[in-house]
Each structure stands twice: as C-alpha cells, then as structure tokens.
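Thanks for coming. I will go through one structure, starting with the ligand and then turning to the backbone.

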Amino acid sequence: MNNRQIVLDRLPAGDKLAPDHFALNVGERPTAGEGQVLLKTRYISLDAANRAWMQGATYRSALEGGQVMAGGGLSEVVESNVGHLKPGDLVFADAGWQEYAVLQGKTLSKLPDLKPETHLLSVYGIAGLTAYFGLLECGQPKAGDTVVVSAAAGSVGSIVGQIAKIKGCRVVGIAGGEEKGRWLTEELGFDAAVDYKSPEFKRQLRAAVPDGIDVFFDNTGGPIFEACLFAMKNFGRIACCGALSQYDGAPPPHGPRGIPGLIVTKRLTLRGFVVMDFAAQNDQALADLQGWVASGQLKVKEDIIDGLENLPSALIGLLGGENRGKRMVRV
Ligand SMILES: NC(=O)c1ccc[n+]([C@@H]2O[C@H](COP(=O)([O-])OP(=O)(O)OC[C@H]3O[C@@H](n4cnc5c(N)ncnc54)[C@H](OP(=O)(O)O)[C@@H]3O)[C@@H](O)[C@H]2O)c1
C-alpha cells in the first residue's frame with residue numbers, strides 16, 4: 001500500500017535544475033473520502049512550465065521546497081465516491097509526480113476512449129490545444145503568410161508548424177542543432193529550419209524569411225524573440241506562448257532590445273495567452289485535430305520515458321533540448 005513520490009526537495013536559487021533538487025519518497029497510499037476519487041497515475045506530462053512554476057507564481061501558485069513535485073498527467077480512477085466517474089475511467093489530473101493521488105471528483109472529467117491513450121496528453125492534450133489556439137486565435141494566419149515558430153521541435157512547436165502548413169502558410173522552425181532542423185523539414189514538412197545555437201543564427205533567419213515574418217509563435221522569449229521582432233512585417237502578429245529561455249538558471253541580463261519603438265513603427269500585435277482561455281472552444285479544436293491526425297496531415301511525435309524515478313532527469317533533459325515532440329513518463 002505504498003505510494004512512491006518525487007518530492008521537490010529544495011528550489012533552485014538562480015542555478016540550473018539538477019537531480020539533487022529532487023528526492024524519492026515512499027509515502028502511504030491515500031484513500032478517497034466523500035466526494036473524492038483515488039487515482040493511479042499512468043503517464044506524467046513533462047512541461048517546460050514545470051520549471052517556470054519554481055520561479056514564482058504564474059497561473060498557479062509558486063512551488064515550494066518539500067512538496068510533492070507538481071505536474072499533470074493521465075490517471076486511472078481506482079476508487080470513486082462521485083457519480084460521474086467509475087473505476088477504470090481515465091482522467092487528466094493535476095496529481096503531481098506520484099503513483100497515487102486523491103483529488104476532488106468535481107475537478108475531474110472522464111476522457112474519451114482514444115487509442116493510443118498517450119495522444120490524450122500530446123496532440124489532444126494541452127500541447128495540441130495550445131498550438132491550435134495560440135496559432136489560430138492569437139496569430140490569425142492567412143494562406144500565404146510566413147509563420148515562424150520557436151522551440152519548433154518540441155511538443156507545442158512541432159504541432160504549431162504543421163497546423164500552419166495545413167492552413168497554407170510558409171513555415172520556418174527555430175530549433176537547436178542541424179539534426180532537429182532536418183527532422184522538421186524532412187519529416188514534418190516545414191519549409192525551412194534555423195538553428196538558434198549556430199553563430200550564424202541571425203543570418204540564417206534573414207535568409208529563411210527574406211520578405212519578413214507575418215506570424216511569430218514565440219515559445220522562448222529572449223534572444224530568439226529579439227531577432228524575430230526585427231524581422232516582423234508591418235501589421236505582424238506575435239503569439240506569446242512562453243519564455244522557456246528564461247525558466248532555467250539565472251535571470252537574463254537584459255530584456256529584448258528594440259521595444260517599444262519597433263512595435264509602434266511596425267504596428268505589431270503581441271498577444272499573450274494561456275490555453276485555458278479558450279476552453280469553451282475545445283470541442284471544435286479537438287474535432288479539427290482528430291481530423292488532421294486521421295488524414296495524416298498532422299504527425300504526432302511522442303517521447304516516452306519509463307519509470308517514476310526518471311522524472312527529474314526527464315525534465316532536466318527537456319530543458320536541455322533532448323526531446324522531439326511531447327515528452328512524458330510512463331509510471
Ligand atoms: N500559454 C500556454 O497556455 C502554454 C501551454 C503549454 C506550454 N506553453 C509554453 O510552450 C513552450 C513549449 O513548452 P513545452 O513544454 O511544449 O516544451 P518543449 O517545446 O517540448 O521542450 C522544450 C524545448 O525548448 C528548447 N529550448 C530549451 N532551452 C531553450 C532556449 N534557451 N532557447 C530556445 N529553445 C530552447 C529545447 O529544444 P532545442 O533543442 O530546440 O533547444 C527543448 O526541446 C514553453 O514556453 C511553455 O511554457 C504555454
């Protein structure tokens with residue numbers, strides 16, 4: 001009746017996330033009280049945001065040293081004291097990095113019966129919905145537009161680029177290393193890829209977008225944001241999705257230069273968003289995503305690692321660029 005858990009032992013203080021920030025703990029398996037549900041974790045989603053939550057309050061409270069590491073995932077109902085869920089049902093739950101968790105039943109809804117079930121965490125989960133709404137609602141791409149996406153080989157970015165292709169855009173992905181770039185162009189159908197780690201990054205970017213950028217989907221902030229800002233066309237749109245270049249380690253020495261003058265003269269629109277903002281439109285988004293996956297227009301890349309004990313190294317590796325597509329851990 002044990003419950004293995006990964007605890008965030010101490011918060012990183014300006015240093016990079018390391019294995020010794022975490023500890024493995026063996027607790028007691030909880031039981032479900034009134035209105036509650038006992039969940040068994042199947043897969044835990046690894047997200048760049050896991051690291052951002054350690055820096056301070058975001059759209060959720062800041063994490064604290066000593067707590068079970070927070071994270072969402074796919075869980076199976078084991079015991080239920082609510083009418084709308086029964087043992088065996090699958091739910092998406094903010095259950096943390098542990099084998100078992102008890103949550104209030106009213107916060108959970110049964111997920112559809114889809115195969116493979118891991119798609120519920122990738123293309124039909126937060127990554128797919130973030131890509132869909134961020135690009136289509138905030139970026140407003142039109143056929144023929146040039147769309148640039150950063151962290152392009154990651155879970156959100158790889159879907160953004162493919163949806164932009166489906167919408168008839170010219171797509172440029174920014175990712176680390178030539179190998180990831182080849183994967184984007186040869187496997188996912190991006191028109192060009194740019195390596196932000198190359199000393200030639202800015203020249204490569206200029207060559208890839210000779211007429212400028214209509215829509216920039218920004219996952220990274222920092223120097224990539226700054227370089228793309230200068231390459232924006234007049235009336236361009238920037239979908240501000242995340243700032244993962246600034247999550248791990250010391251704060252950057254300065255913000256992007258060129259603001260606000262460039263934004264004014266280029267008449268740019270920058271829109272930040274959180275995927276939950278569009279929850280009322282999830283059904284339409286999921287129908288579109290399912291259609292594109294079924295027709296083969298949208299390829300789903302998942303990067304699955306086994307073992308609860310490997311969660312810390314899996315997150316550190318994601319921040320270091322190990323993953324292609326959606327990284328998750330099978331518990
Ligand atoms: N707004 C929302 O509602 C929402 C929802 C979900 C996620 N997000 C955001 O979406 C972004 C992607 O997150 P994800 O969890 O899907 O991660 P991910 O893209 O699957 O993985 C992170 C990738 O970022 C790249 N990277 C790491 N450090 C970088 C740096 N300094 N500069 C540029 N690229 C770097 C790495 O690839 P390389 O090899 O290319 O470096 C790595 O593979 C994050 O900013 C996250 O906060 C936002």
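Which helices each supply at least two residues of the shell around the ligand? They are α1 (48-52), α2 (126-139), α3 (155-166) and α9 (311-319). Please keep in mind that this is a predicted model.

In total, 31 residues surround the ligand. The closest are Gly 154, Gly 176, Gly 242, Ser 245 and Gly 321. By type, the shell divides into 17 nonpolar, 11 polar and three charged residues. Two domains take part: domain 1 (2-122 + 300-330) and domain 2 (128-276) each give at least three residues to the shell.

Now the backbone. Most residues other than glycine have a negative phi, and most peptide bonds are trans. Three places here depart from that.

Lys 115 and Pro 116 are joined in cis, with omega about -10°. Pro 116 sits in the loop between β6 (100-104) and α2, and α2 is one of the helices I listed for the ligand shell.

The other two concern phi. Ala 151 is not a glycine, yet its phi is positive, about 45°. This residue lies in the loop between β7 (146-150) and α3; α3 is also among the helices that supply the shell. Phe 235, again not a glycine, has a positive phi of about 65°, and its place is in strand β11 (residues 232-240).

Phe 235 is exposed, because it has 10 other C-beta atoms within 10 Å, and 12 or fewer counts as exposed.

Terms used: Residues numbered from 1 in each chain as written. Predicted model: local features only at pLDDT ≥ 70, side-chain atom pairs only at ≥ 80, totals over all residues. Near = placed C-beta within 6 Å. Helix = DSSP H or I, 4+ residues; strand = E, 2+ residues; numbered from the N terminus. Nonpolar A, V, L, I, M, F, W, Y, C, P; charged D, E, K, R; others polar. Domains from an automatic or database assignment. Buried ≥ 20, exposed ≤ 12 C-beta atoms within 10 Å, placed from the backbone.
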